Structures are given as C-alpha cells and as structure tokens.
Amino acid sequence: MRLVAVVAMCAAGVAAQESNVIDGVVWVVGDNAILRSEVEQERIDAQYQGARIDGDPYCVIPEMIAINKLFLHQAKIDSIEANMGQVEAQVNMQINAFINDIGSREKLEEYFKMTLPEIQDKLRQRVEEQMIVSQVRSSLIDDVKVTPSEVRKYYNSVNKDSIPTVPAQVEIQMITIEPPIPAEMVEATKQRLRDFADRVNSGDADFSMLARLYSEDVESAKMGGDLGFQGRAAFVPEFSAAAFALTEPGKISRVVETEFGYHIIQLVERRDDRVRCRHILLRPHVSEEVKTEALAQLDSIAELVRTQKITFEDAAAYYSSDKNTRMNGGVMANPNTGSSHFEYQDLPSEISKVVYDMKTGEISEPFPMFSQELGREVYCIVKVKNKLPNHKANLVDDYQVIKTMCENNRKETIIENWIKDKIKDTYIMISPEWRNCDFKYDFWIKQ
C-alpha cells in the first residue's frame, strides 16, 4: 500500500513522542549531524517495508545515512539544490495518494498525531534530500559509456554465476488493419451516453448501476464506475478538465472524448484539489460485417505469404495500417528496451496468447485486439520472427543486457571510489558507543 511510505516516515517521530526517548547526535559527517532518532526512523522504515538488513541495524543504518550525508555535503560544496517546484509537486502527489488510501485528511492527522503541514514538512525534507543525492550521483556517472571491446572484456572476465538468466523472449512481426468507424457509430455511442445521463437525472436509473452493467472500463465498472479521490494528474487532460469542472455532487458531465473512448462523469465529492467521481466508458465499434471483411482480408494476406507469393515484410508495407511497424517489415519494437525482443508478459495480452505456442516462422490466424493507442479494436495477423528459450545472457543474443551490466559495474566502481575518497577527506565523528561495528567502508574511524 502506498501509505506505507508515510507510515515509515512518521512512525519513528510518533514512537519517540510516546516513549520520551532522549535524542542525541551519534555521528557527524562534514557539517551534517546524524541523530539517534534518524537511525531509529530508518530502522522502522525498513521494518514497515519488509526490507532485509544484513547485519546490526545500528551499524548498517547509520553508515547508510552517513553515505547520504557525504552526497549532501558535496552538494553544498557544488551548490547543487533541488528544484523546489518538483519537490512540491511530488509532495502534493504523495499526500493526495496517502489521503486517498487512509480515507481523509482528518484520519491521516489523527493516525500520526500531527497536523497535515507537519506531515508535509517531514515528507518535503525527505523528498528534497533524495533529489539532491540523486543529482550528485548523476553528476558522477551520467556520462559513463562503454565500448564494444570493453563489453566483451567484461563478459569474459565476469564470474559466469553472475551472468543473469534471460527469460524466454520472442520477436514478432505484425500486420494490422484498422477499419474506419463510421460517424454514425460514433454518434450512436455518444447518444447512448446522453441517454444514460438523462435516465440518471430523471431518477429512472442509478449511475453506479449503469456503470456496472454497461461501462467498458472493466475495473472501475466493478465498483460502479467509482475512481476514488484523485488529483488532476491522475487523469488524461480531457477527462481531468471535465471532472474538475463539476462543482455539484451528483452532477453529470457532458460526453467527454479521450484516447480511451467516450465518457460521462458524475461528481461524488470534492475536497480541495481532489475529486471523487464515477464514470461510464463506451467505445464505438465497427459492425460485424466490417469486422468479418477485415478478418477475411487478413486471412487472404496470410495465405499469400504462406504460399510465398509475397513476403511478410512487403505485405506489412503494403497492407498494414500500423504506422509504427509497417515500414520496418512489421517488426514490433519493445517500448521498454528499444529492442525487438519481448518477454511474453510485455506483449499485449492478445498477442502473447496467440504466439505462445507458435513456432518460429509460423503465421497466426487473424484475431482482434484492443489498441491502447487508438482506444478501439483492431485486427491483426502476426508472424514469429524468432524465439529464444530461457538462457544465460550472451553477447550474440543479449548484447544490450551485457552492455547494461558492464555500464552498471563501471558506475558502481566510480561511486565506490568516490565514497572512499570522500570519507578520507571529510570530517567524521562517531560517538564511542557507535564505533564497535564491522563497517562496509574503512576510514570512518580515523586514527
């Protein structure tokens, strides 16, 4: 649950208040002090998140905090500051999420025995420090690049047990037909939503029941179309503008078009910069006749390729409606990696189901799938260009994976060396009772 972050952030403060724990400085790094309460707060944070700590938490945690203080100390030297606009945006986003999880501002304040401004201050400090540390780290490693020869050298030198197993992957070519939706179908969809709104306004129907019965947003339909309390950023702009324009609970918006289809929105409640609303989503669909024609056309194209009258690549260029693949031989690109390799769970679910049992070079039967980009159903055939079973990463099939490992190793080495040098050059003081530790880095305790 998202609330766990603010629980961890505030729980130590609440615990200290209730138990009257005497606070005090236990480490000093540069001109940054580490308090006993800071260490306790991080320990509770890890406990709430189920994070494993290898070793004595009262040794591991202060060293971890001290490393962050090194970065903060360097930030002061280099005049690196967080963008406070970004800090405030992230704080507001997280506070809205926390309130949505716990139910209300009042419940949040009651739970932590703090006012909302006090919770915001704690969160603001944490977010600001995280951003500063991230900027300092980035300044050290953002320009790291490795050459192909360095990647090969790294691969040949690394312990083979450290090379990851790459899950089964597949390369897919596709041809897509997107039949145009007649204007009358669009208008019929919009009119159906207007009729729903009229029925609710006249008292003949309940909005949440209509959403359960008819909305094509499957997840929210289960909850009567209820989207919970959300800020503006939670919705696409068109939906957000319509939802936040509503001022009276129970009021229903005009029909709103988004990339997902057409909606009507009902305001349930408004609190400051958040709204709770319900919606009903409908999408215009092509007629069964048009759908049958599209599937028959794809069946004919597949047969032409199977009988070698045309290549799949040429067929994609000539027939496919998909602008992202048609000029690339129909090859799909993985948006997460930029490569043509997909793990099955990264494919659209309709394609994943079709290709799972197919062989390399095989062409599927035509099938429908929902296009997130278009917000409607399209029709496809796919060809399996290549399949890779589970295997240890290698330079031939998984160069990008090995390159990333090599770059990360280089970055880790740079950071490690920087920390060691900064420990030597920075004033460090550790209270005597906190010194008896097996630290990861030497030089904390200077002779």
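Reader: Which residues do ring pairs link into a cluster with Trp27?
Author: Ring pairs join Trp27 with Phe439 and Trp444 in a cluster. Keep in mind that this is a predicted model.

Reader: How many aromatic pairs does the structure hold?
Author: There are 8 aromatic pairs. One of them is Trp27 with Phe439, an edge-to-face pair with 5.5 Å centre to centre and 85° between the planes.

Reader: Where do Trp27 and Phe439 sit in the chain?
Author: Trp27 is in strand E1 (residues 25–29). Phe439 is in the segment after strand E13 (428–430). They are 412 residues apart, so the pair links distant parts of the chain.

Reader: Is Trp27 buried or exposed?
Author: Trp27 is buried, at a relative accessible area of 0%. Phe439 is buried too, with 12%.

Reader: OK, another pair. What is the geometry between Tyr58 and Trp434?
Author: Tyr58 and Trp434 are edge-to-face, with 6.1 Å centre to centre and 75° between the planes. This pair also links distant parts of the chain: Tyr58 belongs to helix H3 (residues 57–77), while Trp434 lies in the segment after E13, 376 residues apart.

Reader: Why does Tyr58 count as partly exposed?
Author: Because its relative accessibility is 32%, and buried means under 20% while exposed means over 50%. Trp434 has a relative accessible area of 9%, so Trp434 is buried.

Reader: Changing topic: what lies over the face of Tyr155?
Author: Lys160 does, at 4.9 Å from the ring centre.

Technical notes
Residues are numbered from 1 along each chain as its sequence is written. This is a predicted model: local features need pLDDT of at least 70, side-chain atom pairs count only at pLDDT 80 or more; totals for chains, interfaces and linings use all residues. Side-chain values use heavy atoms; hydrogens and water are left out. Rings of Phe, Tyr and Trp (its six-membered ring) pair if their centres lie within 6.5 Å; planes under 30 degrees apart count as stacked, over 60 as edge-to-face and the rest as tilted. Helices (H or I, at least four residues) and strands (E, at least two) are DSSP runs, numbered from the N terminus. Buried means under 20% relative accessible area, exposed over 50%, partly exposed in between (1.4 Å probe, protein chains only). A charge sits over a ring if NZ of Lys or CZ of Arg is within 6 Å of the ring centre and within 35 degrees of the ring normal.
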